[in-house]
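Subject: Structure handover

Hello,

Please find the structure below. My notes on it follow.

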Amino acid sequence: MTSTVAEVLDLLSLAEISPRTFRGAQPVEDRQRVFGGQVAAQALMAAGRTAPGRLPHSLHGYFLRPGDPVAPLIYTVDCLRDGGSFSTRKVAAAQNGIVIFEAMVSFSARISGIDYQQQMPSVPLPDSLIRIEEQLAPYADEYDGWWVRRRPFDMRYVNAPPRVAVDSDIAPPPRSRLWLRPDGVIPKDPMLSSCLITFVSDLTLLDSVMLQARKTSRGPGIVASLDHAIWFHRPANFADWLLYDQHSPNATGGRGLASGRIYNRSGALVASIMQEGYLGRDT
């Protein structure tokens with residue numbers, strides 16, 4: 001994980017190698033594998049660079065292999081459609097010639113029409129909650145301080161995060177809600193905003209599954225993203241808090257399905273997300 005918003009923004013500044021081919025930077029840090037939200041966000045930015053004047057309304061991606069946290073990430077974009085109100089792109093992320101992630105991204109021109117949404121749930125306000133670093137302070141000695149590391153976003157859980165829930169007597173319900181806000185200034189760029197939503201969407205989405213499985217991102221066992229889908233509805237206001245409402249409707253066969261919705265503090269539904277995660281084999 002990156003530790004500052006500036007580092008996240010740097011990751012999204014892709015270098016163009018040739019038309020429709022881009023290089024994505026890697027953060028300088030000790031990691032086991034590439035963060036999936038980073039790859040998906042960079043892939044979206046690469047696709048967006050080939051569809052000027054249009055914004056994404058959906059992304060559907062598959063994490064095919066674990067990414068090497070050191071090797072360069074090369075993104076190749078295929079332009080499948082440009083016409084009418086929609087543009088479609090296929091993006092492949094590769095390292096050393098091997099594809100690790102692939103996505104289909106659809107872009108749309110501005111269209112007026114029907115407008116409604118599911119209402120934001122009633123939750124405590126972020127100012128009444130504590131930062132995740134304070135919530136996880138009792139575990140500061142684990143994994144060289146992993147739980148209390150600096151983060152690019154101020155994250156405040158409404159419920160107990162997975163590491164706290166592991167120590168509870170009964171597994172909590174498969175629902176997790178948290179407020180988050182950048183610890184820094186985000187430029188007002190609609191395409192960049194969509195990429196940041198993509199990055200954020202993978203930070204905690206499997207929390208609801210891990211709560212039931214009594215796991216964390218650091219173990220026991222393996223937790224990994226298999227696929228990821230996002231529908232972008234409305235602009236995100238990164239100058240204020242965002243609410244991430246996450247729920248797992250199903251888990252079976254070593255896989256758990258997670259559903260998420262991101263809201264602006266004003267109540268506007270920004271994005272809907274789905275992901276299935278791999279939880280390993282039961283022993």
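I start with the charges. The mean position of the 29 positive charges and that of the 28 negative charges lie 6 Å apart in the protein. Lys and Arg count as positive and Asp and Glu as negative, while His and the chain ends are not counted. Each charge is placed at NZ of Lys, CZ of Arg, CG of Asp or CD of Glu.

Some conventions before the rest. This is a predicted model, in which local features need pLDDT of at least 70 and side-chain atom pairs count only at pLDDT 80 or more, whereas totals for chains, interfaces and linings use all residues. Residues are numbered from 1 along each chain as its sequence is written, and side-chain values use heavy atoms, with hydrogens and water left out.

Overall form

The protein has six helices and twelve strands; these are DSSP runs numbered from the N terminus, with helices being H or I of at least four residues and strands E of at least two. Its radius of gyration is 18 Å, close to the 19 Å that the globule rule gives for 283 residues, so the protein is as compact as a globular protein of that length. The radius is taken over C-alpha atoms, and the rule is 2.2 Å times the number of residues to the power 0.38. Along the principal axes, the C-alpha atoms fill a box of roughly 55 × 45 × 40 Å.

The protein exposes about 13600 Å², and carbon and sulfur atoms supply 52% of that area. Areas come from the Shrake-Rupley method with a 1.4 Å probe, and for residues only the protein chains shown count as cover. Of the 283 residues, 51% are buried (buried is under 20% relative accessible area, exposed over 50%, partly exposed in between; 1.4 Å probe, protein chains only). Among contacts with a separation of 6 or more, 72% join residues 24 or more positions apart; a contact means heavy atoms within 4.5 Å.

Cores

The largest nonpolar core has 64 residues, and those with the most contacts inside it include Leu-44, Tyr-75, Phe-101 and Phe-238. Helix α2 (residues 36-48) gives the most to this core, with eight residues. A second, separate core has seven residues, among them Leu-129, Trp-179, Tyr-263 and Leu-269. A core of this kind is a set of buried Ala, Val, Leu, Ile, Met, Phe, Trp, Tyr and Cys residues joined through side-chain atoms within 4.5 Å.

Ile-197 is also listed among the residues with the most contacts inside the largest core. Apart from residues up to four places away in sequence, Ile-197 touches Phe-232, Ala-236, Phe-238, Leu-242, Ile-262, Val-270 and Ala-271.

Residues in strands

Thr-88 sits in strand β5 (residues 86-95) and is buried, at 17% relative accessible area. Neighbours within four places in sequence aside, the contacts of Thr-88 are Asp-78, Cys-79, Leu-80, Arg-81, Met-104, Val-105 and Ser-106.

Ile-74 belongs to strand β4 (residues 73-83) and is partly exposed, with a relative accessible area of 25%. With neighbours within four places again left out, Ile-74 contacts Ile-17, Thr-21, Phe-22, Arg-23, Ala-92, Ala-93 and Ala-94. Tyr-62 is twelve residues from Ile-74 in sequence, and their C-alpha atoms are 16 Å apart.

Arg-156 is in strand β7 and is buried, with a relative accessible area of 15%. Beyond four places in sequence, the residues that Arg-156 touches include Pro-126, Asp-127, Leu-129, Trp-179 and Trp-241. Leu-129 and Trp-179 are also members of the second core. The C-alpha atoms of Arg-156 and Glu-133 are 8.9 Å apart, at 23 residues along the chain.

Residues in loops

Which residues have a positive phi without being glycine? Asp-144 has a phi near 55 degrees, and Arg-214 has one of about 55 degrees. Asp-144 lies in the loop between α3 (132-135) and β7 (153-157) and is exposed, at 84% relative accessible area. Arg-214 lies in the loop between α6 (207-213) and β9 (224-232) and is partly exposed, at 26%.

Pro-138 is likewise in the loop between α3 and β7 and counts as exposed, at 67% relative accessibility. Its C-alpha atom is 27 Å from that of Gly-277, which is 139 residues away along the chain.

Regards
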